[in-house]
Structures are given as structure tokens and as C-alpha cells.
Amino acid sequence: MDVTDSNGAVLKDGDSVTLIKDLKVRGTSVTLKRGTRVKAIRLTDDPDEVECSVDKVKGLVLRTEFLKKA
């Protein structure tokens with residue numbers, strides 16, 4: 001099972017990705033802006049989601065359709 005980003009590039013544990021869209025984080029007042037770089041992603045059991053941490057939010061789960069490999 002391959003996990004791919006919005007462009008079809010294969011993602012692996014530890015990769016860095018960039019957001020392609022502004023995303024509001026549920027439960028907080030934080031908005032992650034387009035172009036934000038996220039380092040050291042972790043793959044989950046779901047091929048459409050990755051787990052990561054950003055400066056403002058820890059333990060964040062992002063959908064791969066909003067990411068591109070950096």
C-alpha cells in the first residue's frame with residue numbers, strides 16, 4: 001500500500017511535506033497557511049492520512065490530498 005501526495009509522489013516515514021492549501025485546525029484558533037513546511041511525517045494505517053507535529057499544534061493528522069512532497 002503506497003501513500004501518495006496530491007501530485008502522486010510516494011511518501012515515506014520521515015519525509016518533509018508542504019501544505020498546498022490554508023487549513024483551519026479543529027478545536028483551536030490556529031490556521032496553517034499554504035506553503036507551511038511540515039517535517040518528519042509519520043504514516044498511519046489509513047493511506048489518506050499522515051501524522052505530524054507543527055510548531056503550534058502537536059499530534060496533528062493531515063489528509064494527503066492537501067500535501068505535496070518537499
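Tutor: S7 and S8 run antiparallel and are joined by 2 bridges. This is a predicted model, where local features need pLDDT of at least 70, side-chain atom pairs count only at pLDDT 80 or more, and totals for chains, interfaces and linings use all residues. Residues are numbered from 1 along each chain as its sequence is written, and side-chain values use heavy atoms, with hydrogens and water left out.

Student: What makes S7 and S8 a pair?
Tutor: Two strands pair if DSSP finds at least two bridges between them. S7 and S8 have 2, so they pair.

Student: How many bridges join S8 to S9?
Tutor: There are 4, and these strands also run antiparallel. Cysteine 52 has leucine 60 of S9 as its bridge partner. The open sheet is ordered S7-S8-S9.

Student: Why are S7 and S9 at the edges?
Tutor: Each has a single partner strand, so one side of each is left without a neighbour in the sheet.

Student: Why is aspartate 15 called buried?
Tutor: Its relative accessibility is 16%. Buried means under 20% relative accessible area (exposed is over 50%, partly exposed in between; 1.4 Å probe, protein chains only), so aspartate 15 counts as buried.

Student: Which residues does aspartate 15 touch?
Tutor: Not counting residues up to four places away in sequence, they include Val10, Val38 and Lys69. Contact means heavy atoms within 4.5 Å.
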